[in-house]
Amino acid sequence: MQLYENKTKLLWGGATASSQYEGGWNEGGKGLDTQDVRPYIKRTSNATTATRLLTQEVIEAAKNADPNAYPFRNGSKGYYHTKEDIALLKELGIDIYRFSISWARLYPKGDEAQPNASGLAYYDRVFEEVRKNNMKVFLTMNHYALPLYLVEHYGGWTNRKLIDFYLRFSRTVFERWGDCIDYYLPFNEINAGYFSPFNGVGLVKKEGEDYDQSLVFQSLHHQFVASAKTIELGRKLVKGKFGCMVACFCYYPYSCKPEDTLKQVIDENTNTWFCSDVLTRGYYPSYMQRFFEERDIVFEITEEDKKLLRENTADFVSFSYYQSSVASVEEKEKTAGNLVVTTKNPYLEATEWGWQIDPVGLRVTLNRIYDRYQKPVFISENGLGYRDVLQADRTVHDTYRIDYLKKHFEQIKEAQKDGVDILGYIMWGIIDIVSAGSCEMEKRYGVVYVDADNQGCGTYERIKKDSFYWYQQFIRGERENAQ
Ligand code: BGP
C-alpha cells in the first residue's frame, strides 16, 4: 500500500564556518569578533567553559596577545586557499557547500551604515568559485561570530538595536549574492545562546557570577525577531528557502522509571524544541511559561514581535547531530557532548572528547523532528571529531571516520523509509577547521587534513584522508542509484 511517495533526492554536502575556517582575522579591514578573543586552553574538564563563557578580563587580555594563542585567528587559513579548497570540494563531488559569512568582515564594527569593500570582494570570490564549480549553497548567515564592537558598545544581543544592524547585514547578503544561494540559515544552532551565551548571543560573563537568565532569553528573543525579519525581507528579495537550526541532543531516559522519562521530555523541550518551535511554528510554546516562571525569567516580547514570528516561519528545519544524551533524575556518571554535559550511556562508545557515538540516535532525531513539524528536514551538521594522525608518507588512515559515516548514512536511509522528508546531509568540518567548543585544530572532522596544530604551527597543506575517497565514492554511488 502506497501512503505517500518520497520524491526528495537527498543532497550530500560539507560545511565550514567563517570563524573556524577563514583565519585572516585582521585582513582586509575585518574587525575583531567574539571568536578571535577565545584563547586555546589545554583541555581539562572545564577548559571548554573557560574558553567559551568569556569575561571582560579575558577579552582585554586578547587584544594585545600573540595571535597564535587564539586559534580562530588562523582557522585553517581558508582565506588564502579559496580556489584550492573549493576545487577539492568539487573533486570530492558534493552537491552542496555550507559556509558562513563573517559579520565583522562585512561590517567590522557591526553598526556601520555601509559594508567594508574588501569584505565584499572576498565573498565575491568565494561565491564565484562555488558557482563555477556548480555546487549549491547552504548559507549560514551568522555562525557564532559577532563583531566584538557590538558586544562591548551595545551589550550584544541584549540590545534590540542589533536586530536592525543584523537586518542591514542580511540586506547586503541578499542584494549582493542572493542569486547564488539556495538555502538560507539566519542563525547557526540558535539554541546555543542558552548554553553558550558569549558564543551565541555575545553576553560577557561577570567574574564569579552566573549569567542573568532574563538577559539570556531577552537576547535569544531578539535573535528570533531578527530571524523573522530577515525571512520577511528575504522573501521579497530572493528565491532561496529559509530555515532554522537547533543543536539536537537526542535524549533517552536512563531507565523506565517514569521520572526519567519526564526529565527526558522536559530537557528535550527546553534545550532543543523551544527554539525550533518558536521559529517553525511561529509562537512561544506553552511549556516555556512554567520554565520562565519557575526561574523568575522576565523579558520583553511586543505584539509586533509576535506578529512577525507568526507570519515568517521557516520553510525547512535543520539541526546538528553528533551524539545522543541521557536524562536521569539520579546522579550518574557524566560525559561531555556538543554544548552540553550529559549522563553517560552504558551502551555507547565515546570519543576522546566524551561525545557518545550513536548512529541510531540520528534516526530517532529525524523521526522526532519531522513528526513535530511536518516540514522538510536538513541535517546541517554531523561528523566525527578525532585526533587524526598524519603518517610519514603524508596519508591519513581515518577508518574510524569511514565507519562513523557509513553507520550514520545507513540510519538516514532508514529514516527515509520511516517517511521522513530529508532534504540533505551536510558533513561538519569537511576540511579540518578549529573546533568551536574547545578551540582545537587537532580535533579534526575533515575528509581533508590541514597540516596545522593547536598553536597555529604547520604548513597548512591540504591532504586528502582515506575518508575523502570513501565519501567521494559514496556520493558517486548515490548519483548512479538516483538515475
Ligand atoms: C557545533 C557548531 C559547529 C561545530 C560543531 C562541533 O556546535 O555549530 O561550529 O564546531 O559544534 O563542535 P566542536 O567544534 O566543538 O567539536
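**The ligand and its surroundings**

Author: Sorted by class, the residues that form the shell around the ligand are six nonpolar, six polar and three charged. The model is a predicted one, and the values that follow are computed from it. The shell comprises 15 residues, and those that come nearest to the ligand are Gln20, Glu189, Ala436, Gly437 and Tyr445.

In the side chain of Tyr445, an N or O atom is 2.4 Å from an oxygen atom of the ligand. His143 places a polar side-chain atom 2.9 Å from an oxygen atom of the ligand. For Asn338, the distance between an N or O atom of the side chain and an oxygen atom of the ligand is 3.1 Å. On its own the ligand has 370 Å² of accessible area, and the protein covers 98% of this.

The site can next be placed within the protein. The ligand sits in the largest pocket, which holds about 650 Å³ of space. This pocket is lined by 30 residues, with Thr48, Gly337, Leu339, Trp355 and Gly437 the closest to its centre. Helix α2, which spans residues 47-52, gives the most to the lining of the largest pocket, namely three residues. By class, the lining of the largest pocket has 11 nonpolar, 13 polar and six charged residues.

For context, the second largest pocket may be described in the same terms. The volume of the second largest pocket is about 280 Å³. Its lining consists of 15 residues, and Tyr251, Lys263, Asp267, Asn271 and Val341 lie nearest its centre. Two or more residues of this lining are given by each of the elements α9 (192-195), α12 (258-281), β8 (325-327) and β10 (341-343). Seven nonpolar, four polar and four charged residues make up the lining of the second largest pocket.

Cavities complete the account. Across the whole structure, a search finds seven cavities of 30 Å³ or more. The largest cavity contains about 100 Å³ of space, and of its 14 lining residues, Tyr21, Glu22, Tyr97, Tyr122 and Val126 are the closest to its centre. At least two residues of this lining are supplied by each of α1 (18-21), α4 (82-92), β2 (96-100) and α6 (117-132).

Technical notes. Residues are numbered from 1 along each chain as its sequence is written. This is a predicted model: local features need pLDDT of at least 70, side-chain atom pairs count only at pLDDT 80 or more; totals for chains, interfaces and linings use all residues. Side-chain values use heavy atoms; hydrogens and water are left out. A residue is near a molecule or strand if one of its heavy atoms lies within 4 Å of it. A polar contact is a pair of N or O atoms within 3.5 Å; within protein, one must be able to donate a hydrogen and the other to accept it, and residues adjacent in sequence count only if both atoms are side-chain atoms. Accessible areas come from the Shrake-Rupley method with a 1.4 Å probe; for residues, only the protein chains shown count as cover. On a 1 Å grid over the protein atoms alone, a cavity is a set of points where a 1.4 Å probe fits but cannot get out, and a pocket is an open set with protein on both sides within 12 Å along at least five of seven lines; lining residues have an atom within 4 Å of a point. A molecule sits in a cavity or pocket if more than half of its atoms lie within 2 Å of its grid points. Ala, Val, Leu, Ile, Met, Phe, Trp, Tyr, Cys and Pro count as nonpolar, Asp, Glu, Lys and Arg as charged, and the others, Gly among them, as polar. Grid points are joined across faces, edges and corners, and a volume is the space filled by probe spheres set on the points. Helices (H or I, at least four residues) and strands (E, at least two) are DSSP runs, numbered from the N terminus.
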